[in-house]
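Dear colleague,

I am passing on the structure below, and I would be grateful if you could look through it alongside these notes. The notes follow directly after it.

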Amino acid sequence: MSFLISVPDALRQSVEAATGGRMTVIYDDNGLPSYMYVLPKFRYEDIGFDAELGTGVCTAFLVNGVEVDQIFIGAYQASDLKGFACSLPGREVWRSINWDAARAACTSKGAGWDMMTVHDWAAVALSCAANGYQPSGNTDHGRYHADHGQFGRRVDGGYPGDSSGIGNILAGTGPDAWRHDGGSAGISDLVGNVWEWLWGAKTIDGRIFAAPDNDVSLAEGSWTDTGVDLVGANPWTSSGVSGTQLTDRILWTYAGVDLEGYLAINTSGERFPLRGGNRRNGGNAGLAALNLSSARSASSTGLGFRPRFAL
């Protein structure tokens with residue numbers, strides 16, 4: 001089983017002490033550690049988005065309709081540790097991996113582990129919006145396109161902004177502005193570096209199919225046909241598609257939540273979500289950036305993912 005609060009581990013204790021308990025360390029079934037951000041349960045009305053998204057518990061904290069008190073989001077994009085996805089600072093992030101392989105690298109860690117979901121991403125993005133903050137990130141080969149003084153350590157040792165080589169950064173080596181809350185204990189690199197595969201929704205010929213909440217055991221074939229057909233938009237907020245409460249809540253249709261990023265979609269066949277942007281996306285990246293152009297088999301240096309855990 002995964003080890004959490006019951007393990008009086010020195011690393012976990014030091015991380016929790018340094019972050020005021022906002023971040024912890026969870027060990028998977030293989031004994032491998034992951035730094036995880038602790039996101040407590042909230043309702044849409046708690047963060048001021050009830051007019052846009054309705055009332056009640058945010059879907060990230062519902063599993064088949066049952067509330068959970070908190071979820072744990074990888075503080076860092078996934079890195080490959082002995083073939084398993086771990087959230088660790090200062091490591092090369094796992095890239096060139098397709099949707100199914102990314103998910104397997106998380107679920108093989110043990111019960112409770114999976115890759116980040118569309119509901120998780122929306123919860124984090126909404127908490128950012130509620131606090132009036134949107135993170136920047138590696139959107140220009142190791143640096144932030146709009147402020148070249150913001151940069152991280154490139155995996156290839158290259159200079160920030162050099163378009164040759166692989167301009168991804170080592171996980172979490174950018175400034176605090178690259179974390180979801182602008183602080184050292186926040187979730188890093190949600191914007192830029194690598195696009196992140198997510199579980200819980202997809203499009204088929206442009207039509208959105210989505211899991212109604214964070215029940216990761218729900219088979220794809222049981223995801224809800226929302227009846228909503230998407231079209232691309234840049235920025236994302238210019239989308240004129242009329243959504244449902246579910247598509248609004250997962251931030252796939254615009255319902256007045258003003259976040260940065262673009263919406264790209266291939267309306268032919270089955271497409272799986274990538275969010276946030278990568279090292280080359282410049283102003284198209286952002287918390288709301290949603291790329292639905294890739295099949296589940298897609299793999300490139302610009303695609304990655306992030307582990308999550310729920311008890």
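Arginine 103 and aspartate 114 are both buried, where buried means under 20% relative accessible area, exposed means over 50%, and partly exposed lies in between (1.4 Å probe, protein chains only). Before going further, please note that this is a predicted model, in which local features need pLDDT of at least 70 and side-chain atom pairs count only at pLDDT 80 or more, while totals for chains, interfaces and linings use all residues. Residues are numbered from 1 along each chain as its sequence is written, and side-chain values use heavy atoms, with hydrogens and water left out.

Salt bridges

Arginine 103 forms a salt bridge with aspartate 114, with the closest N and O atoms 2.9 Å apart; a salt bridge here is a side-chain nitrogen of Lys or Arg within 4 Å of a carboxyl oxygen of Asp or Glu. This pair links distant parts of the chain, since arginine 103 lies in helix 3 (residues 99–107) and aspartate 114 in strand 8 (residues 113–115), 11 residues apart. Helices (H or I, at least four residues) and strands (E, at least two) are DSSP runs, numbered from the N terminus.

A search of the whole structure finds 20 salt bridges, and one of them joins the side chains of aspartate 69 and lysine 41 at 3.6 Å, N to O. Aspartate 69 sits in the loop between strand 4 (66–67) and strand 5 (70–74), and lysine 41 in the loop between strand 2 (33–40) and helix 2 (50–53), so the pair ties together parts that are 28 residues apart in sequence. Aspartate 69 counts as exposed at 59% relative accessibility, whereas lysine 41 is partly exposed, at 33%.

Lysine 202 and glutamate 220 also meet through their side chains in a salt bridge (3.0 Å, N to O). Lysine 202 is buried at 7% relative accessibility, while glutamate 220 is partly exposed at 22%. Both residues belong to a network of salt bridges that links Asp100, Lys202, Glu220, Glu270 and Arg296.

Helix 4

Helix 4 (residues 118–130) has 13 residues and should span 18 Å at 1.5 Å a residue, which agrees with the 18 Å between its end C-alpha atoms; the expected span is 1.5 Å times one less than the number of residues. The helix is mostly covered, with 11 of its 13 residues buried, among them Trp121, Leu126 and Cys128. Helix 4 is followed by glycine 132, whose phi is positive, near 70°.

With kind regards
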